[in-house]
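This report describes selected surface, aromatic and pocket features of one protein model. The sequence and the structure are shown first, and the description follows.

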Amino acid sequence: MSKKHFLRGLRDGIPIGLGYFAVSFGIGISAHNAHLSIFQGFLLSFLNNASSGEYGGITIIAADSGLWAMALMMLVVNARYLLMSCALSQRLSPDTPLPWRLLIAYDLTDEIFGLAIAQPGYLEVWYYFGTMCAAMPGWSIGTVLVWAVSGCSVMLFGMFLAIIIPVGKQNRIVLGCIGVSFLCSLLASVLPFTRELSEGMRILVLTIVISAAAAILFPHKEDDLVA
């Protein structure tokens, strides 16, 4: 039965792995530009299977902003996984061993969480392990393949534009936040006080301030959350 669930998870995780492979090129470019070695880039992606969190960490490394800035960045960018972990823990059988729970927590991503939470009844841990084995290689291998490609620095910016532009077209508030983010980032790089901060710290401060302001000024209505 374990083999059956594992193979089913492996099958369902292949599309996720292919998607990770494509997106991880942007992370690899970022790691390459931060002067990380091939091994360091591979290890970073293997141990930190998260696009926004990994990119934020690489930005901090490139700016040499220090461990405190790194810790705060990871806390802000990856805060959603706290809620996802709580939700997924309720879908595990009460007799699930702690080592298996820790292994699931190690590779909790948005896409794998979506597959896991949609399973009926208690989550079969071997199904989750199957999806992990399909997804993780795509992310790690895609990261290191960038070292074999030259002249692709623009790909990283194109990847993030492809993520934010469609959402901005659908929601004017998001579009406004994108515009404000660009403007504030430009101002922060030239104003007397903020320009003295490292690039990583400026990104961290702007992320907290702009996201908090948007949440206060444009809160989700309860009907929207239910929908």
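Predicted model: local features only at pLDDT ≥ 70, side-chain atom pairs only at ≥ 80, totals over all residues.

## Aromatic residues, surface patch and pocket

Trp100 has a relative accessibility of 32% and therefore counts as partly exposed.

The structure contains 6 aromatic pairs. In one of them, Phe42 and Phe46 are stacked, with 6.0 Å from centre to centre and 15 degrees between the planes. Phe42 and Phe46 both belong to helix H2 and are 4 residues apart, so about one helical turn separates them. Phe42 is partly exposed at a relative accessible area of 32%, and Phe46 is partly exposed at 35%.

Trp100 and Trp126 have ring centres 5.7 Å apart and planes at 75 degrees, and the pair is therefore edge-to-face. This pair joins distant parts of the chain, since Trp100 is in helix H6 and Trp126 is in helix H8 (residues 125–145), 26 residues apart. Trp100 and Trp126 also belong to one aromatic cluster, together with Phe6 and Phe129.

The geometry of the two pairs is set out below.

| Pair | Centre to centre | Angle between planes | Arrangement |
|---|---|---|---|
| Phe42 and Phe46 | 6.0 Å | 15 degrees | stacked |
| Trp100 and Trp126 | 5.7 Å | 75 degrees | edge-to-face |

Phe42 and Phe46 take part in a further feature, a nonpolar patch on the surface, whose other members are Phe39, Leu43, Leu47, Leu103 and Tyr106. Together these residues have about 630 Å² of accessible area. Helix H2 (38–47) and helix H6 (98–106) are the elements that give two or more residues to the patch. The contribution of H2, 5 residues, is the most from any element. Leu47, a residue of helix H2, is exposed because its relative accessible area of 53% is over the 50% limit.

Turning to the pockets, the second largest pocket holds about 160 Å³ of space. Its lining consists of Gly19, Tyr20, Val23, Asn49, Ala50, Ser51, Arg80, Tyr81, Thr109, Asp110, Glu111 and Trp139. Two or more lining residues come from each of helix H1 (2–33), helix H5 (80–89) and helix H7 (110–117). H1 provides the largest share of this lining, with 3 residues.

Two further residues deserve a note. His35 is situated in the loop between H1 and H2. Although His35 is not a glycine, its phi is positive, at about 65 degrees. His35 is also exposed, with a relative accessible area of 72%.

Gly179 is part of helix H10 (residues 172–188) and is partly exposed, its relative accessible area being 38%. Between the C-alpha atoms of Gly179 and Gly168 the separation is 9.7 Å, and the two residues are 11 residues apart along the chain.

Notes
Residues numbered from 1 in each chain as written. Heavy atoms only, no water. Patch = residues over 30% accessible without salt bridge, like charges linked within 9 Å, V, L, I, M, F, W, Y side chains within 5 Å. Areas by Shrake-Rupley, 256 points an atom, 1.4 Å probe, with all protein chains shown as cover. Salt bridge = Lys/Arg side-chain N within 4 Å of Asp/Glu carboxyl O. Buried < 20%, exposed > 50% of the residue type's maximum accessible area, 1.4 Å probe, protein only. Phe/Tyr/Trp six-rings, centres within 6.5 Å; stacked < 30°, edge-to-face > 60°. 1 Å grid on protein atoms, 1.4 Å probe; cavity = no way out; pocket = protein on both sides within 12 Å on 5 of 7 lines; lining within 4 Å. Points joined across faces, edges and corners; volume = space filled by probe spheres on them.
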